[in-house]
Amino acid sequence: MEALVVSAKQRIAELGRKMVSSGLVAGTWGNISVFIRQEGLVVVTPSGMDYDKIQAEDMVVVDLDGKLIDGSRKASSETPLHLAIYRARPDVTGVVHTHSEVASSFAVVRQRIEPVVEDAAMLVGGAVEVAEYALPGTEDLAFNVVAALGQRNAVLMANHGLVGVGATLEEAFTVCQVVEKCARIYAWSCLLGTPVLLPDEDIAKLSKVYRSSYGQKK
Ligand SMILES: [Zn+2]
């Protein structure tokens, strides 16, 4: 157990710094977790700490019920949301929550982000739907997010931000980057004219191709 937990803590600390430098979050906002499924343990970022300063030892380890297993910090206030996703999605071991600007704008007008470019169709597996509003950190928010996420890899939280999930932590982060890019392209396309949406059957094919080739790489 120890080695897996230590490596998860290091990967999260590294990714936190990458998340700030990529502009997906500002300051202490956003949160990241890894689920070590074979141990039933979730490693999650601490609450309210600057990502530039977070070290591996600041991470908090909880079980799927949220019981503290290890760590001297307080776990992220959105931990219930991360736990609810791991309980609902056996294929997910990484969750990244960001407040990136263009995706969040769609969350404010409560409009789903259509997968208008192929990388988004592959990674998300469909549109990024908007979960119904609930206050941050609540079980209601966790419930709404899981419902709107379904079997796809990204979901918007109304008037709040974006959640990306993946088979790995790194994939969840890529999902957040690609959704932000797709949101920008979709918004620009709407300004320029009428976006032509990819048909559902092509989105399903793109997602299937991505998932099968990704599976072989593991
Ligand atoms: Zn947030």
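Asn 159 lies in the loop between E7 and E8. In this predicted model, the backbone of Asn 159 adopts a positive phi of about 55°, although the residue is not a glycine. Its relative accessibility is 40%, and Asn 159 therefore counts as partly exposed. A positive phi of about 55° is also found at Arg 110, again not a glycine. Arg 110 is placed in the loop between H3 and helix H4 (118-124). Its relative accessible area is 46%, so Arg 110 is partly exposed.

Three histidines coordinate the zinc ion: His 97, His 99 and His 160. Each donates through NE2, at 2.0 to 2.1 Å. The donor spacing in sequence is H-x1-H-x60-H. His 99 sits in the loop between strand E5 (94-98) and helix H3 (101-109), while His 160 belongs to the loop between strand E7 (154-157) and strand E8 (161-166). The pair therefore ties together parts that are 61 residues apart in sequence. The two ligands fall into separate accessibility classes. His 160 counts as buried, at 18% relative accessibility. The cut-off for that class is under 20%. His 99 has a relative accessible area of 24% and is partly exposed.

The strands on either side of the His 160 loop belong to an open sheet of eight strands. The order is E4-E3-E2-E1-E5-E8-E7-E6, and the pairing is mixed. Strand E4 (68-70) and strand E6 (130-131) form the edges. Each has a single partner strand, so one side of each is left without a neighbour in the sheet. Within the sheet, strand E1 (residues 31-36) pairs with strand E2 (residues 41-44). The sense is antiparallel, over four bridges. In this pairing Ser 33 stands opposite Val 44 in E2. Helix H3 lies across E6, E7 and E8. H3 runs at about 60° to E7.

Nine salt bridges are present in the structure. Side chains of opposite charge can pair when their charged atoms come close. Lys 9 pairs with Asp 70, with the closest N and O atoms 3.0 Å apart. Lys 9 lies in helix H1 (residues 2-21) and Asp 70 in strand E4, so this contact ties together parts that are 61 residues apart in sequence. Edge strand E4 is thus linked to H1 through Asp 70. Lys 9 is buried, at 12% relative accessibility. Asp 70 is partly exposed, with a relative accessible area of 35%.

A salt bridge also joins Arg 73 and Asp 58, the closest N and O atoms being 3.0 Å apart. Arg 73 lies in the loop between E4 and helix H2 (79-88), and Asp 58 in the loop between E2 and strand E3 (60-63). The pair therefore ties together parts that are 15 residues apart in sequence. Asp 58 is buried, with a relative accessible area of 8%. Arg 73 counts as partly exposed, at 38% relative accessibility.

Asp 50 is partly exposed, with a relative accessible area of 28%. Lys 53 is exposed, with a value of 56%.

Definitions and conventions. Residues numbered from 1 in each chain as written. Predicted model: local features only at pLDDT ≥ 70, side-chain atom pairs only at ≥ 80, totals over all residues. Heavy atoms only, no water. Donors = N, O, S within 2.8 Å, 3.2 Å for Na, K, Ca; no water. Helix = DSSP H or I, 4+ residues; strand = E, 2+ residues; numbered from the N terminus. Buried < 20%, exposed > 50% of the residue type's maximum accessible area, 1.4 Å probe, protein only. Pairing = 2+ DSSP bridges. Contact = heavy atoms within 4.5 Å. Axes fitted to C-alpha atoms, helices over the stretch in contact; angles between N-to-C directions. Salt bridge = Lys/Arg side-chain N within 4 Å of Asp/Glu carboxyl O.
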